[in-house]
Amino acid sequence: MPKSARIDASAASAEDEVTRAVLRRVEESSEGRMRELMLSLTRHLHGFIREVEPSEAEWMAAIRFLTETGKKCDERRQEFILLSDTLGATMLIDAINNRKPEGATESSVLGPFYQEGAPAYDNGADLADAATGGERVLIAGRVIDLDGAAIAGAELDVWQTAPDALYAAQDASGDSFNLCGRLTTGADGRYWFYTRKPVSYTVPGDGPVGAMLSAAGRHNWRPAHIHFKLSASGYETLVTQLFTDDDPYLGSDAVFGVKDSLVVHYVATDDGLRLDHDFVMTAAS
Ligand SMILES: [Fe+2]
């Protein structure tokens, strides 16, 4: 065997031995779910390293990136959630944890801008403060079950961007609920409210995740959408978003939240734009 082949063979065996040693250690010391998680993490992490063979400088850059991601987090900013979102991990976790039967409204992520305690409105209310610009829209529909039966008393918690592309949760005062509100369906399962057509917005691009997106040739835009969190006694809570069909970023959402069934069309009427949409909830198991 030539000398270079011997070096290759010996290096390959040392590389494999590291992985085997870690797996053995986990098998000897862990149990249950922790054991399962650590074994899989080891296999996938070592597999990733083996596949891309990072230089030591690249590995240090990766560690610096994660360090900076942690340092960017504070009370109002969660850079690790943004990292999870932009890698598609949040949507994958959402998909795995919210498997729904055919015909049920699909879920999407809650996102970072949900605020509990939005004001309760009667159907027909306008969720926008008087000074809010933008295109006024009427959103109306029913909340029903898989058989098409009305769900009475379902609560729709709604939040979205203002025309300046910001959520109320991003208001410096911290107590704005503009374009946020809770509505409740009547006996016929119907809901309706006025709001403003949502606009596209960017997820934060001034931190390490923004730098990662730029380096990977990606933008940080999300297509326009309205968030909904529906709850009703006896039904699974439904967290979802409705995406505007004429948005330029529909096919390249920075956080991969778009599903075809959640893309909606606003119809022009004499009274402004209108969107009719029914939500289908599944019974709690
Ligand atoms: Fe959003």
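Is G134 buried, partly exposed or exposed? I counted 16 C-beta neighbours inside 10 Å, so G134 is partly exposed (buried means 20 or more other C-beta atoms within 10 Å, exposed 12 or fewer, partly exposed in between, with C-beta atoms placed from the backbone).

I note that the model is predicted: local features need pLDDT of at least 70 and side-chain atom pairs pLDDT 80 or more, while totals for chains, interfaces and linings use all residues. Residues are numbered from 1 along each chain as its sequence is written.

I then placed G134 in the loop between α5 (89-97) and β1 (136-144); helices (H or I, at least four residues) and strands (E, at least two) are DSSP runs numbered from the N terminus. Leaving out residues up to four places away in sequence, G134 touches P163, R196 and K197 (contact: C-beta atoms, placed from the backbone, within 7 Å). K197 is 63 residues from G134 in sequence, yet 6.7 Å away, C-alpha to C-alpha.

Next I traced an open, mixed sheet of 5 strands, ordered β3-β2-β7-β8-β9; strands pair if DSSP finds at least two bridges between them. β3 (180-184) and β9 (263-264) are at the edges with a single partner strand each, so one side of each has no neighbour in the sheet. Strands β7 (225-231) and β8 (238-244) run antiparallel, joined by 6 bridges, and H227 stands opposite Q241 in β8.

Last, I looked up the largest nonpolar core, which has 31 residues (buried Ala, Val, Leu, Ile, Met, Phe, Trp, Tyr and Cys joined through C-beta atoms within 7 Å). L156 and L230 are among those with the most contacts inside this core. L156 touches L230, and also R182, L183, Y191 and F228, not counting residues up to four places away in sequence.

Conventions: Two residues are in contact if their C-beta atoms, placed from the backbone, lie within 7 Å.
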